[in-house]
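Colleague: I am new to this one. Could you walk me through it and tell me what stands behind each term?

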Amino acid sequence: MKKIKVLACVLTAAMVAGLFAGCSKTTTITTEKFAKACEKLKLEEFDLEDSASPDYDDLEDGLYAVADEDYVEDNPEEIESFLNDLGIGEVIDADDVTSLAFAAKCSGAEDLSELSDPEDLPDQVVDGAFALQISLADDYVGDAMDFIDDMLDQYDIDVKDLSNKEYYAGKKDGYLRFHVDVAAVSKILLENEDIMDMMDTIYDADDFEEIVSQLKGDLAVSLEINGNNIFIIAGVGFNTKASNLNAFSKAFGAATNPVSVPANKNVVQQLIEDAVDNYGGLLSGAGSYDYDDWDI
């Protein structure tokens, strides 16, 4: 009887621990653990000291790179440039970066880059994922979340309009998660009279409707900060499931797979309306462009 009671206590403790582990709001992962996860994913390591750049074949197979403490110390300008390319250079001081690692895998990217006819878009299949981990010497939670708030303000998005699955800002951690349903976006585009009018000017509204109505898939991203750790994971499944994102989320122990976050149609509609307001004139002026030679 005593053995049964002891076993019951152990199982109860394990269940409670599992519940608390599952309640983690943000992902906590070190550069070293990130690299080990990449190995389990069977990604090919890319040497940052190598003068050659990765190509589409490398991206198709999956790759990762690690900037350890020695590399960061020896290449401060490169780290600063990397942060600027990501758009976070103005909030993260390169001097505070102690190490970082990133990974990417994408099938169909090369085919999409060679697309020349919009009518072929529904036949394109892209399954891609990207993940980034940055270790910092200081706590950036407050600064990072202020940066995210300012970024949302630029797109006229109020954090009050986001659910607790999309946005959270605490003293020790925070995140912004966003999921886009491609089919839902297509519907919003086709229901926007301004966009359809522009399509009649620069392409053909009927052809545009036929193309866009066939598109489906998901695009999702999670920007997370936990103390002095930044974790970003993003992925796309265009005309297919986001399989690589699912694999990355599991391998890196993501607190939440962003594709599981309910899509927010209101936010997408706001972004589209802002784009029309800001760039509608430019698009309308593109009516003389020869879309038979369309290239992206």
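**Pocket, salt bridge and helix**

Modeller: Gladly! The largest pocket has a volume of about 480 Å³, the space filled by probe spheres set on its grid points. This is a predicted model, where local features need pLDDT of at least 70 and side-chain atom pairs count only at pLDDT 80 or more, while totals for chains, interfaces and linings use all residues. Residues are numbered from 1 along each chain, and side-chain values use heavy atoms, without hydrogens and water.

Colleague: Which residues lie nearest the centre of the largest pocket?

Modeller: Those are G87, I88, F147, M151 and L223, among 23 lining residues. α7 gives the largest share of the lining, 7 residues.

Colleague: What makes R177 and E224 a salt bridge?

Modeller: The term asks for a side-chain nitrogen of Lys or Arg within 4 Å of a carboxyl oxygen of Asp or Glu. The N to O distance for R177 and E224 is 3.4 Å, so the pair qualifies. R177 sits in strand β6 and E224 in strand β7, 47 residues apart. A search of the whole structure finds 1 salt bridge.

Colleague: Are R177 and E224 buried or exposed?

Modeller: Both are buried, meaning under 20% relative accessible area, whereas exposed means over 50% (1.4 Å probe, protein chains only).

Colleague: Which residues of helix α9 are buried?

Modeller: I195, M196, M198, M199 and I202.

Colleague: Why do you put them on the same side of α9?

Modeller: Because they cover an arc of only 160° around the axis, taken from the directions from the helix axis to the C-beta atoms. The face turned away carries the exposed residues E193 and D200.

Note on methods: On a 1 Å grid over the protein atoms alone, a cavity is a set of points where a 1.4 Å probe fits but cannot get out, and a pocket is an open set with protein on both sides within 12 Å along at least five of seven lines; lining residues have an atom within 4 Å of a point. Helices (H or I, at least four residues) and strands (E, at least two) are DSSP runs, numbered from the N terminus.
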